[in-house]
Amino acid sequence: DITEQVRAIEAEKQLNEQKSQFIRITSHELRTPLTIIYSNAEMLELICEQNGKEGTHSHISRILKEVTSMIDILNELMLVSRIEKDIFKKMNLYLCI
């Protein structure tokens with residue numbers, strides 16, 4: 001039945017929008033503390049270098065590397081979300097919904 005198909009597509013559309021919204025909110029909420037951690041680690045690295053505490057460099061570098069990795073993951077997640085949203089929009093245009 002065509003009515004059931006339209007309902008199923010509308011339900012999928014709504015679910016996809018909720019997923020996209022969740023990804024956007026989660027990404028934003030994670031990016032803010034990661035940015036703070038990154039900037040503080042950079043400042044700590046600079047302070048340690050100025051005070052001659054080079055032994056801490058490897059620990060701080062690891063923090064910076066891991067935060068950068070997490071931000072890259074968030075960026076990829078957002079990219080996938082945008083691609084899915086574009087694909088779904090094209091499907092809707094094709095189906096005239």
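This passage describes the overall form of the chain and the setting of one of its residues, Ser27. The model is predicted.

The protein chain contains two helices and zero strands. Its C-alpha trace extends over about 75 × 20 × 15 Å along the principal axes. The radius of gyration is 22 Å, whereas a compact globule of 97 residues would have a value near 13 Å.

Contacts were examined next. Among contacts in the protein chain with a separation of 6 or more, 71% are accounted for by residues 24 or more positions apart.

Burial and surface were also computed. Of the 97 residues in the protein chain, 18% are buried.

The protein chain carries 12 positive and 15 negative charges.

Ser27 gives a local view of the chain. This residue sits in helix H1, which covers residues 2–50. Ser27 has a relative accessible area of 3%. Ser27 therefore counts as buried, because that value is under 20%. Leaving aside residues up to four places away in sequence, Ser27 touches Leu74 and Met78. Thus a buried residue of helix H1 has Leu74 and Met78 as its contacts beyond those sequence neighbours.

Terms used: Residues are numbered from 1 along each chain as its sequence is written. This is a predicted model: local features need pLDDT of at least 70, side-chain atom pairs count only at pLDDT 80 or more; totals for chains, interfaces and linings use all residues. Side-chain values use heavy atoms; hydrogens and water are left out. Helices (H or I, at least four residues) and strands (E, at least two) are DSSP runs, numbered from the N terminus. The radius of gyration is taken over C-alpha atoms; the globule rule is 2.2 Å times the number of residues to the power 0.38. Buried means under 20% relative accessible area, exposed over 50%, partly exposed in between (1.4 Å probe, protein chains only). Contact means heavy atoms within 4.5 Å. Lys and Arg count as positive and Asp and Glu as negative; His and the chain ends are not counted. The place of a charge is taken as NZ of Lys, CZ of Arg, CG of Asp or CD of Glu.
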